[in-house]
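Here are my notes on the model, point by point. Please read them with the structure open.

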Amino acid sequence: MSSSRHFVLSFFGPVVAGGVFCGFILLLWSWLERHHISPLVTMLVGGLVVGMITRRFVRNCVAVSCPFCGWKSYEIPGGGNRFACKVCGNDH
Ligand SMILES: [Zn+2]
């Protein structure tokens with residue numbers, strides 16, 4: 001995967017995952033109300049959590065190919081779309 005594609009995925013991945021979760025809540029709306037759970041609160045909090053988990057997953061588990069050696073590199077935490085190679089140690 002290229003770094004630009006990774007950037008798009010890290011941006012839209014959580015949005016899409018949150019949207020899927022919201023759709024799921026819409027389907028379960030009456031069930032949740034019957035069980036005295038606020039669907040709106042569940043949707044907001046759950047959507048946020050799902051988005052954060054997806055962002056974390058993309059950061060830690062989706063590799064970008066290293067431009068120096070071609071191996072897997074992963075996003076540097078807080079590095080703003082920068083990646084560190086696991087093999088040659090270069091960041092790019
Ligand atoms: Zn490398």
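1. Five residues from domain 1 and five residues from domain 2 make the contact. Contact here requires C-beta atoms, placed from the backbone, within 7 Å of each other. On the side of domain 1 that touches domain 2, α1 and α3 each supply at least two residues. The most comes from α1, with three residues. By class, the residues on that side of domain 1 are one nonpolar, three polar and one charged. Nonpolar covers Ala, Val, Leu, Ile, Met, Phe, Trp, Tyr, Cys and Pro; charged covers Asp, Glu, Lys and Arg; the others, Gly among them, are polar.

2. Basis. This is a predicted model, in which local features need pLDDT of at least 70 and side-chain atom pairs count only at pLDDT 80 or more, while totals for chains, interfaces and linings use all residues. Residues are numbered from 1 along each chain as its sequence is written. Helices (H or I, at least four residues) and strands (E, at least two) are DSSP runs, numbered from the N terminus.

3. The expected span is 1.5 Å times one less than the number of residues. There is still a bend in α1, of about 30 degrees at Phe12, and Pro14 follows within four residues. The bend is the angle between axes fitted to the seven residues ending at a position and the seven starting there.

4. Helix α1, burial. His6, Pro14 and Gly18 are the buried residues of α1. A residue is buried with 20 or more other C-beta atoms within 10 Å of its own, exposed with 12 or fewer, and partly exposed in between; C-beta atoms are placed from the backbone. The buried residues of α1 pack against α3 (39-61) and β1 (64-65).

5. Ser4 is found in α1. Ser4 counts as exposed because 10 other C-beta atoms lie within 10 Å. From Ser4 to Phe21 is 17 residues in sequence and 26 Å in space, C-alpha to C-alpha. Ala17 also lies in helix α1. Ala17 is partly exposed, because 19 other C-beta atoms lie within 10 Å. Leaving out residues up to four places away in sequence, Ala17 touches Val50, Gly51 and Thr54. Ala17 and Arg5 are 12 residues apart along the chain, and their C-alpha atoms are separated by 17 Å.

6. Helix α3. This helix has 23 residues. From first C-alpha to last, α3 reaches 31 Å, close to the 33 Å expected at 1.5 Å a residue. Met43, Gly47 and Thr54 are buried in α3. The cover over the buried residues of α3 includes α1.

7. His36. Look at the loop between α2 (29-34) and α3, where His36 lies. His36 has a positive phi of about 55 degrees, although it is not a glycine. Most residues other than glycine have a negative phi. Is His36 buried or exposed? His36 is exposed, because 6 other C-beta atoms lie within 10 Å.

8. The sheet. Three strands form an open sheet in the order β1-β2-β3, with antiparallel pairing. The edge strands are β1 and β3 (83-85), each pairing on one side only. Pairing requires that DSSP finds at least two bridges between two strands. Two bridges join β1 to β2 (residues 72-75). In these, Val64 has Ser73 as bridge partner, and Ser65 has Lys72. Three bridges join β2 to β3, which run antiparallel. Glu75 stands opposite Phe83 in β3.

9. The hairpin. β1 and β2 form a hairpin with six residues between them. Gly70, in the turn, has a positive phi of about 85 degrees.

Note on methods
Two residues are in contact if their C-beta atoms, placed from the backbone, lie within 7 Å.
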